Amino acid sequence: MASYLTLLGCDSVIVHRHDDVGLRCGATVLDAFSPTTRIALAEEGCFDRSQASHAINICDMNAKYADVVKTSEVLHLLR
């Protein structure tokens, strides 16, 4: 995905899924990650098998690959 985003000239990606099930975000974030792409991960738009696993993955994504933000912050920035 990173090479495709580069081809399209994208410099940023917002990862969020708007429905009741959310999504496992790690693979999407890792696929989009590149030194030239900034990734924002809407925290409420993802989930994992358990609360502990979710917290660990969110922390890991925030530390290495994405800016973890609240959905309300993403919406504010898009306005």
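The side chains of Lys 64 and Asp 60 meet in a salt bridge, with N and O 3.0 Å apart; the term stands for a side-chain nitrogen of Lys or Arg within 4 Å of a carboxyl oxygen of Asp or Glu. Both residues sit in helix α3, four residues apart, or about one turn of the helix. Asp 60 counts as partly exposed, at 26% relative accessibility, while Lys 64 is among the exposed residues of α3. For these labels, buried means under 20% relative accessible area, exposed means over 50%, and partly exposed is in between (1.4 Å probe, protein chains only). All of this comes from a predicted model, where local features need pLDDT of at least 70 and side-chain atom pairs count only at pLDDT 80 or more, while totals for chains, interfaces and linings use all residues. Residues are numbered from 1 along each chain as its sequence is written, and side-chain values use heavy atoms, with hydrogens and water left out.

A search of the whole structure turns up three salt bridges. Side chains of opposite charge can pair when their charged atoms come close. Another of these pairs is Arg 38 with Asp 67, at 2.7 Å from N to O. Arg 38 belongs to strand β2 and Asp 67 to strand β3, so this pair ties together parts that are 29 residues apart in sequence. Arg 38 is exposed at 56% relative accessibility, and Asp 67 is partly exposed at 30%. Then there is Lys 70 with Glu 43, whose closest N and O atoms are 3.3 Å apart. That pair also links distant parts of the chain, 27 residues apart: Lys 70 is in the loop between β3 and α4 (71-78), and Glu 43 is in the loop between β2 and α3. Lys 70 is partly exposed at 43%, and so is Glu 43 at 27%.

Back to helix α3 itself, which covers residues 51-64. Its 14 residues reach 20 Å from the first C-alpha to the last, close to the 20 Å expected at 1.5 Å a residue (the expected span is 1.5 Å times one less than the number of residues). Helices (H or I, at least four residues) and strands (E, at least two) are DSSP runs, numbered from the N terminus. Which residues of α3 are buried? They are Ser 53, His 54, Ile 58 and Met 61. These cover an arc of only 130° around the axis, which puts them on the same side of α3; the arc is taken from the directions from the helix axis to the C-beta atoms. The other side has exposed residues, including Ala 52, Ile 56 and Cys 59. The buried ones pack against α2 (26-32), β2 (38-42) and β3 (67-69).

His 54 has a relative accessibility of 16%. Leaving aside residues up to four places away in sequence, His 54 touches Glu 43, Cys 46, Phe 47 and Asp 48, where contact means heavy atoms within 4.5 Å. Cys 46 lies in the loop between β2 and α3 and is buried, at 8%. Cys 46 and Cys 25 are 21 residues apart in sequence, yet 5.8 Å apart in space, C-alpha to C-alpha.

As for the whole protein chain, four helices and three strands are found, running α-β-α-β-α-β-α from the N terminus on. Buried residues make up 33% of the 79 residues. Among contacts between residues at least 6 apart in sequence, 69% join residues at least 24 apart.
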